[in-house]
Amino acid sequence: MTNALTGRRVAVLAADGVEQVELVEPVKAVRAAGATTELLSIDDGSIQAMNHDVEKADTFPVDKKVAEAAVDDYDALILPGGTTNPDKLRMDADAVAFVRAFVESGKPVGVICHGPWTLVEADVVRGRTLTSWPSVRTDIRNAGGRVVDREVVVDGNLTSSRNPDDLPAFCREVVTQFAQGRLHAAT
């Protein structure tokens, strides 16, 4: 455990259908490094996490609706995957606007698996290099991004990974990038 993120506030944006391990492990990593986290979603109440996209897992209480959140209140953002989660987020104008503003702010963003769908909808992948779950890669390319097949990729303020198997590397790199803050602002 380090204190690299002491005093940092991390937003986690997710909706029903989030892949539980992709929500829980990054949150555990940033908290272990000293950050506080806040779960944002498109609705109040709680969200239903899933295991392997099809098996109900735990529910998690929402701290704040994304429509009520301000980018300035956070130092970093985590976008977990699961197929249903980012599909719901990219259909919500407030979630898309929050993600676009966050990326454009230059603050660090960690995104895994199907999570880049929300980045695509926010039109912030053009000219950027990412990795993702294989079925999302065409969407990234069609939105003007470059795709590589590596466990973790850092391009400016975006840190991306492919799937739950990449979580150890993803979590380590997210903590590193979140600690550096705006040093790698988007170009």
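Visitor: What joins the side chains of threonine 37 and arginine 31?

Guide: A polar contact of 2.8 Å does. The cut-off for an N or O pair is 3.5 Å, so 2.8 Å falls within the cut-off. Bear in mind that this is a predicted model.

Visitor: Why is threonine 37 called buried?

Guide: Its relative accessible area is 19%, and buried means under 20%, so threonine 37 counts as buried. This residue is found in strand β2 and touches Val10, Val12, Val27 and Val30, among others.

Visitor: On to the rings. How many aromatic pairs does a search of the whole structure find?

Guide: The search finds 2. In one of them, tyrosine 74 and phenylalanine 98 have ring centres 6.3 Å apart and planes at 80°.

Visitor: What makes that pair edge-to-face?

Guide: Centres must lie within 6.5 Å, and planes over 60 degrees apart count as edge-to-face; with 6.3 Å and 80°, the pair therefore qualifies. Tyrosine 74 is in the loop between β5 and β6, while phenylalanine 98 is in helix α3, 24 residues apart.

Visitor: What lies over the face of phenylalanine 102?

Guide: Lysine 107 does, at 5.7 Å from the ring centre; the distance cut-off is 6 Å.

Terms used:
Residues are numbered from 1 along each chain as its sequence is written. This is a predicted model: local features need pLDDT of at least 70, side-chain atom pairs count only at pLDDT 80 or more; totals for chains, interfaces and linings use all residues. Side-chain values use heavy atoms; hydrogens and water are left out. Helices (H or I, at least four residues) and strands (E, at least two) are DSSP runs, numbered from the N terminus. Buried means under 20% relative accessible area, exposed over 50%, partly exposed in between (1.4 Å probe, protein chains only). A polar contact is a pair of N or O atoms within 3.5 Å; within protein, one must be able to donate a hydrogen and the other to accept it, and residues adjacent in sequence count only if both atoms are side-chain atoms. Contact means heavy atoms within 4.5 Å. Rings of Phe, Tyr and Trp (its six-membered ring) pair if their centres lie within 6.5 Å; planes under 30 degrees apart count as stacked, over 60 as edge-to-face and the rest as tilted. A charge sits over a ring if NZ of Lys or CZ of Arg is within 6 Å of the ring centre and within 35 degrees of the ring normal. Lists of a residue's contacts leave out its neighbours within four places in sequence.
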